[in-house]
Amino acid sequence: MSLFNIFDIAGSGMSAQSLRLNTTASNLANANSVSSSVDQTYRARSPVFSAVLDNAQQGYQQGGVKVNGIVESQAPVRAEYNPSHPMANADGYIFHSNVDSIAEMANMMSASRSYQNNVEIANTSKQLLLRTLQLGQ
Amino acid sequence: MPINFDSALGIHQDAVRIRSQRAELLASNMANADTPNYKARDIDFASAMKMAASGQNSAGIKTTHSNHITSSSNGLMASPAVQYRTAMQDSLDGNTVDEQIEQAQFMQNAVQYQASLSFLSGKFKSLLTAIKGE
């Protein structure tokens, strides 16, 4: 029954979007993190999604989404000359994270909308299945 | 007069099956709304129904090797009914899912599924009336 697969598909969508929300929350929380060296600086993270098309044997391909991995932004980190800062290095520099707060906010909105869409799909499928169970009564 | 379920239920059983497959495909599109290079797909209901009515569920591809993917009974992959959607607005990451369109199509499909269910329900009620003879 195809409708049962929708719970898996919508569920994979929800978990992928909630992981995206997680990374966004992590990025926003670290938006003002500073460090003493470029290597230790927090870099914005984002998940990479890919489609799951592994049930070709069923005849037609469709499937959920999976998270392939989490990549760190390669944008340059901002250095600031601030010798009085407790984290300043020998040259007096501190390094700010490369999180773009506005982009992260937009990302958060997009993730939460996509999550809601998947919830809606699962809800509708549940109603359809319940209606199907009552068939002929 | 013998009661034949296939002829009594008519086209509605095929309609319900294709509607549920379409719902699955649309859900898959929605789940992959943010996947780079994912191409949205949909079932052309008219041609899927035509194929169901003629008793042909797939394009009828012959398998000549054990590793060939067989088109199973509900095999729609090889069927011309599953088609890629033409994007209204292309996105840079190659994704062609438009969430609004998918959402609207899913709702439409859900209502039509329920309509088919109502028809089927009516058929069953008629059969029950015929059986009871009241």
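In this predicted model, the buried residues of helix α4 of chain B pack against elements of both chains, namely α2 (101–133) of chain A together with α2 (12–31) and β1 (41–43) of chain B. The buried residues in question are E102(B), Q105(B), F106(B), N109(B), A110(B), Y113(B), S116(B) and L117(B). An α-helix has 3.6 residues a turn, so residues three or four places apart point the same way. The helix α4(B) itself covers residues 99–132, has 34 residues, and reaches 49 Å from its first C-alpha to its last, which is close to the 50 Å expected at 1.5 Å a residue. Just after α4(B), the residue G133(B) takes a positive phi of about 65°.

The largest nonpolar core has 33 residues, and those with the most contacts inside this core are I6(A), A10(A), A23(B) and A27(B). The elements that give two or more residues to the core are α1 (2–29), β2 (45–51) and α2 of chain A, together with α2, α3 (45–53) and α4 of chain B; α2(B) gives the most, with nine residues. When residues up to four places away in sequence are not counted, I6(A) touches I121(A), A122(A) and S125(A) of chain A as well as A23(B), E24(B) and A27(B) of chain B.

Strand β1 of chain B, one of the elements against which the buried residues of α4(B) pack, contains I43(B). This residue, I43(B), is classed as buried because 23 other C-beta atoms lie within 10 Å, where 20 or more are required. Although I43(B) and A31(B) are 12 residues apart in sequence, their C-alpha atoms are 17 Å apart in space.

Definitions and conventions
Residues are numbered from 1 along each chain as its sequence is written. Chains are lettered from A and ligands numbered from 1 in the order in which they are written. This is a predicted model: local features need pLDDT of at least 70, side-chain atom pairs count only at pLDDT 80 or more; totals for chains, interfaces and linings use all residues. Helices (H or I, at least four residues) and strands (E, at least two) are DSSP runs, numbered from the N terminus. The expected span of a helix is 1.5 Å times one less than its number of residues. A residue is buried if 20 or more other C-beta atoms lie within 10 Å of its own, exposed if 12 or fewer, and partly exposed in between; C-beta atoms are placed from the backbone. Two residues are in contact if their C-beta atoms, placed from the backbone, lie within 7 Å. A nonpolar core is a set of buried Ala, Val, Leu, Ile, Met, Phe, Trp, Tyr and Cys residues joined through C-beta atoms within 7 Å.
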